[in-house]
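This briefing covers one protein chain, from its overall make-up down to a few single residues. Please keep the sequence and the structure open while reading.

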Amino acid sequence: MKVNKYLYLLGVVLVLSQCREKQVGAEDTVISSNIVISVAEQYVVGEKSVYLYGQTTTSYSCGNRSIVTEKITGENQFSIQYQQISSRTYCNGQSGPAFSSVRLGTLPNGDYKLELNGPGWENKGVLRIDSTNITLIFDKLKGVEIPTPTIKREQ
């Protein structure tokens, strides 16, 4: 009976030690890998909104990191600046890529100039929206990857 009590106590200690938050060190916040970009359309408060999602190809010791972005909008154009990887005070204990989510908004059919820029790289292309598809069109890519440039629109 005494052994069971100690085994139970050991199990509780092991479980709790895995759940505690870890202090994050001075891990580099510079974007040092490509960012995988995807486009999506989602319903937000009854309207369809277009989003650009980004994910680093590098994993960080803290999987709860995000990519700091700045969105600049103009008439029929968007410029997204991927600035750095956020540094967190505490870590969730699991490794993984850093993420970003940029809401472009409710967009009617048409072509929109799109810039995807980061430290040391620039990409100029077009975001094309028609009644059935949303497409990212770029001649050459530097610093980003777009594995699925065309998606079907929500009906």
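The model is predicted. The protein has 155 residues, of which 35% count as buried. Its secondary structure consists of one helix and 12 strands.

**Overall make-up**

- Of the contacts between residues at least 6 apart in sequence, 57% are between residues at least 24 apart.

**An open sheet of four strands**

- The strands of this open sheet follow the order E7-E3-E2-E11, and their pairing is mixed.
- E7 and E11 (144-145) are the edge strands; each has a single partner strand, so one side of each has no neighbour in the sheet.
- Strands of a sheet pair through backbone hydrogen bonds, in either a parallel or an antiparallel sense.
- Six bridges connect E3 and E7, which pair in the antiparallel sense.
- Valine 50 has glycine 105 in E7 as its bridge partner.

**The largest nonpolar core**

- In soluble globular proteins, nonpolar side chains tend to be buried together.
- The largest nonpolar core here comprises 28 residues, and those with the most contacts inside it are Ile37, Leu52, Tyr82, Leu104, Leu114, Leu127 and Leu136.
- At least two residues of this core come from each of E2 (35-44), E3, E5 (77-85), E7 (99-105), E8 (110-118), E9 (121-129) and E10.
- E5 gives the largest share of this core, with four residues.
- Leaving out residues up to four places away in sequence, leucine 136 touches Ile37, Val39, Leu52, Leu114, Val126, Leu127, Ile146 and Pro149.

**Threonine 135**

- Strand E10 (residues 133-138) contains threonine 135.
- Threonine 135 has a relative accessible area of 16%; the cut-off for buried is under 20%, so this residue counts as buried.
- The side chains of threonine 135 and threonine 150 make a polar contact of 3.3 Å.
- Apart from residues up to four places away in sequence, threonine 135 touches Val126, Leu127, Arg128, Pro149 and Thr150.

**Arginine 153**

- Arginine 153 belongs to the segment that follows strand E12 (150-152).
- Is arginine 153 buried or exposed? With a relative accessible area of 14%, arginine 153 is buried.
- Its side chain reaches the backbone oxygen of aspartate 130 at 3.0 Å.
- Beyond neighbours within four places in sequence, the contacts of arginine 153 are Glu41, Lys48, Leu107, Asn109, Ile129, Asp130, Ser131, Thr132, Asn133 and Ile134.

**Serine 66**

- Serine 66 sits in the loop that runs between strand E3 (47-56) and strand E4 (67-74).
- The relative accessible area of serine 66 is 23%, and the residue is therefore partly exposed.
- Serine 66 and serine 86 are separated by 20 residues in sequence, while their C-alpha atoms are 5.4 Å apart in space.

Conventions. Residues numbered from 1 in each chain as written. Predicted model: local features only at pLDDT ≥ 70, side-chain atom pairs only at ≥ 80, totals over all residues. Heavy atoms only, no water. Buried < 20%, exposed > 50% of the residue type's maximum accessible area, 1.4 Å probe, protein only. Contact = heavy atoms within 4.5 Å. Polar contact = N/O pair within 3.5 Å; in protein donor to acceptor, adjacent residues only side chain to side chain. Core = buried A, V, L, I, M, F, W, Y, C linked by side-chain atoms within 4.5 Å. Pairing = 2+ DSSP bridges.
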